[in-house]
Amino acid sequence: MTTTGILLLAILILGFLITFQIAKASEYVSVLKGEKKAFEQNNRINAFLMVVFLVLGLVGVWWCNKMLYPKTLMPYPAASEHGKNIDTMLMITIAITGIVFVITQVLLFWFAFKYQHSEKRTAFYYPHNNKLEVLWTTVPAIALCVLVGFGLFYWFRMTGDAPENAMQVEITGKQFGWIYRYPGKDNTFGKKYYRNIDEATGNQLGLLWTDTTIIKKDRDNNPVGEAKLKADPAGFDDLVDNTAMYLVKGVPVKLIINSRDVIHDVGLPHFRLKMDAVPGTPTTMWFTPQYTTEEMKKITNNPKFEYEISCDQMCGNGHYSMRGVIKVVTPEEFILWKAKMKPAYAIAFPAPEAAKPAADSTGAAAGVKDTLKTVASSHK
Amino acid sequence: MSNEALHGHPEVVTTHDVHHDEHHVHHHKETFITKYVFSQDHKMIAKQFLITGMVWGILGGLMSVLFRLQLGYPDQTFPWLEDILGRWAKGGKISAENYYALVTMHGTVLVFFVLTGGLSGTFANFLIPLQIGARDMASPFMNMLSYWFFFGASVVMVSSLFIQTGPFSGGWTAYPPLSALGDASPGSKTGMDLWIVAMAMFVVSSLLGGLNYISTVLNMRTKGMAMTRMPLTMWALFFTAVLGVLSFPVLLSGFILLLFDRHGGTSFYLSDIYITATKQALPNEGGSAILYQHLFWFLGHPEVYIILLPAMGMASEIISINARKPIFGYMAMVGSIFAITILAFLVWAHHMFVTGLNPFLGSVFVLLTLLIAVPSAIKVFNWLTTIWKANIRFTPGMMFALGFVSLFISGGLTGIFLGNSTLDIHLHDTYFVIAHFHIVMGVSAFFGMFAGVYHWFPKMYGRFLNNTMAYIHFWVTLAGAYLIFWPMHYEGLAGMPRRYLDYSGWESFKHFAELNKFISTVAMIVFAVQLMFLFNFFYSIFKGRKVTTQNPWGATTLEWTTPIRPGHGNWPGEIPEVHRWAYDYSKDGRDFIPQTEPIGPNESKH
């Protein structure tokens with residue numbers, strides 16, 4: 001064992017010995033003092049500590065808030081409209097629960113102090129009072145109705161259908177990273193099949209680029225059937241990327257969420273949203289980014305600011321490092337970025353088919369421009 | 001502090017006197033094996049549950065210290081750790097694989113083996129026959145089996161720590177596909193099978209125990225012990241057993257299907273999976289990983305109350321005894337327990353707001369979830385009214401019971417945030433959740449358990465625990481719990497995800513490094529104080545101050561009418577008859593009136 005280890009162990013043992021000796025001594029002292037006296041003294045001390053704990057606790061809560069509130073996301077505006085609703089809801093809930101917290105904790109510790117044992121007093125025989133019980137059944141019920149009401153109002157706003165012309169992005173979780181897909185000019189995602197995934201050819205999502213017959217195999221690798229898959233041209237111009245998700249400020253986005261292996265979770269703390277990525281069961285969520293990444297750098301006064309995507313569902317050993325990035329940009333920046341991107345199909349089949357997807361790529365940019373125009377006008 | 005000096009009327013008639021101590025009812029001749037190992041005496045089984053639970057508690061706590069070390073000091077290595085832990089801390093650092101295994105085992109053992117098995121197993125076994133006036137459980141043999149299944153489950157779970165691939169490391173909820181696929185994670189191999197087997201044995205133990213508790217309470221109450229005269233601890237333990245019996249089988253079925261998916265080639269939970277590590281598309285199609293979550297949380301949410309209800313019951317009783325006042329609103333308290341039991345079955349999907357649940361269904365679960373706050377609020381206000389105008393004796397049991405109320409309020413209120421889907425969509429799986437459930441069903445349940453141990457230790461072992469150590473234990477644990485978990489709410493508000501072993505690569509979370517260090521340091525201090533409690537416990541069994549009267553706390557309930565250390569059968573002669581409820585404290589100028597005392601002709605009604 002190293003010196004630090006020995007030292008730590010020695011401190012622990014010493015601490016125990018001292019505490020034990022104090023504890024034993026206090027027992028002897030109570031015997032000498034008389035048990036009643038010792039009890040009264042202990043009772044007084046603990047009653048006093050109850051009120052000390054209350055005061056220090058409330059000061060501690062205030063101090064903790066002062067220290068840590070600036071480190072939360074709350075001092076800055078939420079990066080999505082949904083997020084603003086959530087912040088409002090959070091404040092309503094903090095206000096209501098905060099009042100209840102302070103009142104009940106003060107009563108608990110104050111009563112403990114005030115009604116400490118005294119030979120002179122007899123406890124008040126008070127087994128029930130129907131009026132009081134009705135009162136504290138109805139008051140919490142009303143308070144909860146308020147919270148449920150506000151909560152559901154915002155909930156249905158958030159979980160309603162995305163605007164028809166919302167931009168669509170597919171995000172797929174895998175151990176341990178994210179794959180982003182955007183439709184091309186046709187604004188339609190191409191079909192995919194997980195058995196068609198082939199990372200060697202760059203087909204991370206199993207897009208149906210060619211007519212294929214897939215031999216289905218069981219766990220022991222025995223063939224159990226086959227799947228005949230027809231190529232889906234809608235996928236020829238799909239953009240697939242692993243580096244960052246590009247979104248446009250002010251343009252609603254509908255995320256189509258998938259997983260390739262285990263359950264992941266798309267956590268978007270700045271947008272105040274999250275949704276599980278479940279293999280075989282796509283989920284969706286939508287929101288409208290409010291600030292570009294550059295704007296958020298200024299708002300947060302942090303030149304390194306990034307919108308990060310966390311994986312919030314335990315997915316294996318690399319779970320903690322499953323970091324994604326969202327770049328919220330202006331429509332012009334988005335068009336430029338998209339124009340530079342090559343469809344995954346074009347990357348996988350550079351020649352002679354390359355000419356077609358390349359053209360698609362440029363066309364995709366034009367398509368996006370049209371989409372953005374439509375979206376912008378519909379959101380005016 | 002003198003415990004025996006506490007009750008104002010030591011001369012009050014109780015059923016038995018001290019000199020009857022030796023007159024135990026002997027059911028049969030006992031050997032060492034039948035008395036201490038395969039005992040059928042509910043009190044011995046209770047002690048077995050308690051001590052096994054304590055061993056698990058220390059192991060589970062130690063695991064948290066180890067992973068908090070990683071969280072607090074992610075850049076540092078601790079060579080001495082390797083000396084102690086060997087491959088678990090190679091190079092003085094806990095690897096990702098081991099970190100996740102520790103987190104998983106910590107959650108599993110503390111939720112199931114300590115706060116379920118340890119808490120209910122101990123107090124249901126110890127108190128049910130004693131408080132309702134029965135010689136033993138309805139089926140002592142089944143009761144014994146219940147412990148040995150629990151012990152067997154513990155052995156299997158512990159053994160997973162020593163296999164080459166280590167224990168399961170996918171989190172205590174064991175969501176498939178991670179838990180269903182051996183290739184999904186290093187910790188999903190044999191360790192996962194052992195985890196399932198251990199949990200299945202644990203469920204069997206819970207069912208054997210639960211059925212026994214229910215049938216004992218329903219059938220074996222002594223004369224006069226109407227259900228409405230039962231102490232609140234009995235009501236709580238009764239409904240806890242009902243919850244367990246109705247929900248654990250669903251969990252077991254979930255585990256069996258999981259086992260089929262792992263080894264039987266089925267696809268209950270599996271669909272469309274491509275494993276990157278092996279570059280392989282799996283044959284499963286059509287299953288639903290969400291199905292498991294429904295099955296899991298159908299037990300998982302009642303589990304919160306399986307843990308909390310016994311603590312609530314015991315705290316109610318201990319507060320009443322030491323406040324020297326009847327518990328306020330007895331019937332409302334019983335009604336609240338009943339309402340919580342019913343609602344506990346109807347709220348499971350609030351754990352699944354972000355799984356893609358239909359929003360309308362989500363809204364129903366919001367309503368039902370927040371509804372459960374009403375009976376919880378009733379309980380809190382009734383506890384507060386019970387200590388209003390009381391005459392409080394700060395026994396260690398009372399301190400922990402009051403601490404329980406404080407923590408229950410704090411943790412319960414944050415539950416309102418998470419039960420509301422709008423907020424959950426932001427806070428789900430962040431440190432806010434960690435803070436919430438650790439306060440409400442971790443620490444507060446532990447406080448209920450400690451309250452119970454301090455309060456009934458004299459009845460268990462005929463000795464007192466050392467009070468000074470108890471007070472240190474209480475104050476450090478209470479302050480420590482708040483110092484550890486309160487700041488975590490802020491981490492949650494920043495969206496910091498749980499189950500990350502290193503946040504240094506994240507721009508959004510790395511500024512909490514100092515706070516994490518602080519939390520880890522406090523966690524170690526709190527753990528050290530639990531070791532002190534452990535020492536106090538075992539030292540006091542042999543060397544603690546002896547109890548010299550039957551009823552040291554001046555309580556009304558039946559267990560204090562038995563001899564100081566009751567033998568098998570509990571009462572040497574006839575089982576006493578009950579004439580009143582359990583909360584006649586400070587009535588008609590008397591400090592307390594035992595349940596065995598007939599109602600006097602001039603006695604006031606309550």
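Reply: Happy to. The contact (heavy atoms within 4.5 Å) takes 124 residues from chain A and 138 residues from chain B. A word on the basis: this is a predicted model, where local features need pLDDT of at least 70, side-chain atom pairs count only at pLDDT 80 or more, and totals for chains, interfaces and linings use all residues. Residues are numbered from 1 along each chain as its sequence is written, chains are lettered from A and ligands numbered from 1 in the order in which they are written, and side-chain values use heavy atoms, with hydrogens and water left out.

About 11600 Å² is buried between chain A and chain B, and carbon and sulfur atoms give 68% of that; buried area is the accessible area (1.4 Å probe) that two parts lose on being put together, summed over both. Of the area that chain A buries against chain B, Tyr125(A), Arg219(A) and Tyr320(A) supply 7%, more than any other three residues.

Turning to charges, the rule finds three salt bridges across the interface, each a side-chain nitrogen of Lys or Arg within 4 Å of a carboxyl oxygen of Asp or Glu. Glu35(A) forms a salt bridge with Arg545(B), with the closest N and O atoms 3.5 Å apart.

Which elements of chain A each supply at least two residues of the side that touches chain B? They are helix 1 (3-33), helix 2 (35-68), helix 3 (81-114), helix 4 (130-159), strand 3 (212-217), strand 9 (273-277) and strand 11 (307-311); helices (H or I, at least four residues) and strands (E, at least two) are DSSP runs, numbered from the N terminus. Helix 4 of chain A gives the largest share of that side, 16 residues.
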